[in-house]
Structures are given as structure tokens and as C-alpha cells.
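Please read them beside the sequence and the model.

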Amino acid sequence: MMLTEKTEFTPIQFGAAADGKTLDTKAIQKAIDQAAAVGGLVRIPAGIYLTGSLFLKSNVTFHMEEGAVILGASEECQYPVIPSRVAGIEMKWPAGVMNVIGQKNVKITGKGLIDGQGDFWWEKYWGTDRHGGMRREYEDRGLRWAVDYDCTRPRNVIVYESENVILEDFSCQRSAFWNIHLCYSSHVHVKGLQIGENQGPSTDGIDIDSCSHVLVEKCTISCNDDSICLKAGRDGDGLRVNRVCQQVEIRDCLLKEGQGITLGS
């Protein structure tokens with residue numbers, strides 16, 4: 001389809017300030033909704049767009065131009081709690097900055113940046129010195145295993161129960177939790193992402209969770225945990241769901257800081 005002024009939308013049309021201070025969630029979501037109605041494109045011009053959770057829809061291309069920054073808000077109230085799967089267990093958890101949930105034929109592309117401003121949540125988890133926060137409190141109570149679930153933190157990008165999704169060329173950094181989470185999805189192509197500046201806890205690069213027909217290629221990843229992880233649920237809950245992870249190809253990626261390619265929750 002040839003894109004025209006009737007099928008291309010920008011958040012600026014709907015009042016986005018793009019100044020990094022004004023909350024632009026409603027303006028960006030309006031552009032997404034308008035594009036979804038015609039199977040169009042959301043173009044994000046250069047600027048800093050402070051936002052809470054955004055929900056992409058079927059048949060929409062979300063294109064971030066060079067110099068465009070999607071900046072995750074640092075207030076927990078900006079991320080609605082939704083059904084999800086976290087570290088292998090189904091539960092309710094905050095939505096991500098960018099969400100593709102139950103959709104088809106979605107693209108997130110361009111040379112822009114998704115910045116989760118993770119520092120707020122990293123301090124919540126382990127304090128300013130990496131020895132405090134909820135992590136220390138839970139360890140003192142013998143509940144180390146539970147803190148990863150109870151310390152709720154948004155992910156930068158979630159693709160959940162979706163198919164025919166392309167993530168291409170953009171940069172992703174400072175995620176509060178995992179950077180890219182693919183879950184219960186099929187026919188996903190991840191290409192040319194630059195994932196870095198992730199010094200916080202559990203800032204995985206790309207998690208491929210009970211998915212099929214996934215190709216990850218030409219990505220560069222630096223993180224504080226798993227660079228790329230393939231998984232299919234944890235313990236009893238994983239057996240209950242019983243959805244395998246299969247037909248995944250990873251090629252031509254550069255893995256810097258992090259644990260490399262790992263298997264399992």
C-alpha cells in the first residue's frame with residue numbers, strides 16, 4: 001500500500017510536545033489508533049517523547065526517525081497492570097513501554113531509541129549501592145526467589161500472543177526489567193537492534209518465551225544478565241501452560257556484556 005497523508009500519522013498532529021518533560025502518552029496512542037483504522041504508519045519525528053505504556057495494533061508500522069526517543073516515564077502509575085508471564089510464571093504485572101498484545105502484522109522500525117529510564121526501578125530493586133532495596137529485604141527474610149516477581153518493573157518492549165511482528169534497527173536501553181520480551185508469539189523477526197546501557201538487575205537483552213518461528217539476527221547486545229534467552233515456563237506453571245519454544249534461529253549477533261545465550265527460566 002502506498003502511504004499518503006491519509007495513512008501516515010505523527011504524534012505532533014495530536015498535540016505531542018516532544019520535549020522530554022510533557023507526558024505524550026495520549027498523543028502517541030491517538031496516532032497509533034488512527035493508523036490502525038486504515039492500516040497505516042505512525043512516524044515519530046526527532047524529539048524526546050515522554051510516555052507511559054503504548055499499545056500497538058494490527059497492521060500498523062511504528063517508525064522512529066533518527067533522533068526520536070521514546071522515553072519511559074518514571075512513575076509506576078503510567079504502566080497499567082495486565083495479565084502477563086514473568087520469569088516463566090503467568091501473573092499480573094505492569095505493561096511495557098511498547099506493547100504488541102494479541103495483534104498481527106506489526107512493525108517497530110527506524111533508527112530511533114526506546115529508553116526505559118530504568119534507574120528508578122533499579123534502585124527500587126537493589127538500592128543505590130546494589131546491596132539494599134527490596135533485594136536485601138527479601139534476602140534477610142529468606143525470600144530471595146520472590147523478589148524478582150514482587151518488585152514489579154516494566155519491560156521496554158513486549159510482544160505477547162501476536163504473530164507476524166518485525167522489530168528492526170532501533171536502539172533499546174536502560175530497561176527497568178527485560179529489554180525485549182517475546183512470549184506466546186510466532187513468526188517474529190528481530191533484526192539490527194542495538195541494546196545497551198543496561199546496568200540494572202535482570203536487564204536481559206532478548207527473551208524468547210514459548211514462541212515459534214523466530215529469527216534474531218545482526219543485533220548488538222550489552223546487558224546485566226542473559227543476552228538472549230530461550231525459555232518455556234518455570235517449574236509447575238511451565239508444565240501447566242505446556243507451550244514449547246521451537247524453531248528459533250539466532251545468527252550474526254554481537255554479544256558484549258552479559259551471560260550470552262542461555263536456556264530456561
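**Notes on the model**

1. The charged end of arginine 243 sits over the ring of tyrosine 184, 4.2 Å from its centre, where sitting over a ring requires NZ of Lys or CZ of Arg within 6 Å of the ring centre and within 35 degrees of the ring normal. The charged end of arginine 141 likewise sits over a ring, that of tyrosine 138, at 5.2 Å from the ring centre.

2. On provenance, this is a predicted model, in which local features need pLDDT of at least 70 and side-chain atom pairs count only at pLDDT 80 or more, whereas totals for chains, interfaces and linings use all residues. Residues are numbered from 1 along each chain as its sequence is written, and side-chain values use heavy atoms, with hydrogens and water left out.

3. The structure holds six aromatic pairs (rings of Phe, Tyr and Trp, the last by its six-membered ring, with centres within 6.5 Å; planes under 30 degrees apart count as stacked, over 60 as edge-to-face and the rest as tilted). Among them is the edge-to-face pair of phenylalanine 120 and tryptophan 121, at 4.9 Å centre to centre and with 85 degrees between the planes. Tyrosine 125 and tryptophan 126 also form an edge-to-face pair, with 6.2 Å between centres and 70 degrees between the planes. Tyr79, Phe120 and Trp121 form one aromatic cluster.

4. As to accessibility, phenylalanine 120 counts as partly exposed because its relative accessibility is 37%, while tryptophan 121, at 0%, counts as buried (buried is under 20% relative accessible area, exposed over 50%, partly exposed in between, with a 1.4 Å probe and protein chains only). Tyrosine 125 and tryptophan 126 are both buried.

5. Strand 4 (residues 47–51) has four of its five residues buried, so it is largely enclosed by the rest of the structure; strands here are DSSP runs of E, at least two residues long, numbered from the N terminus. Strand 4 pairs in the parallel sense with strand 2 (residues 19–23) over two bridges, and pairing requires that DSSP finds at least two bridges between the strands. Leucine 23 stands opposite leucine 50 of strand 4. With strand 7 (residues 68–72), strand 4 pairs in the parallel sense over five bridges, and there the bridge partner of threonine 51 is glycine 72.
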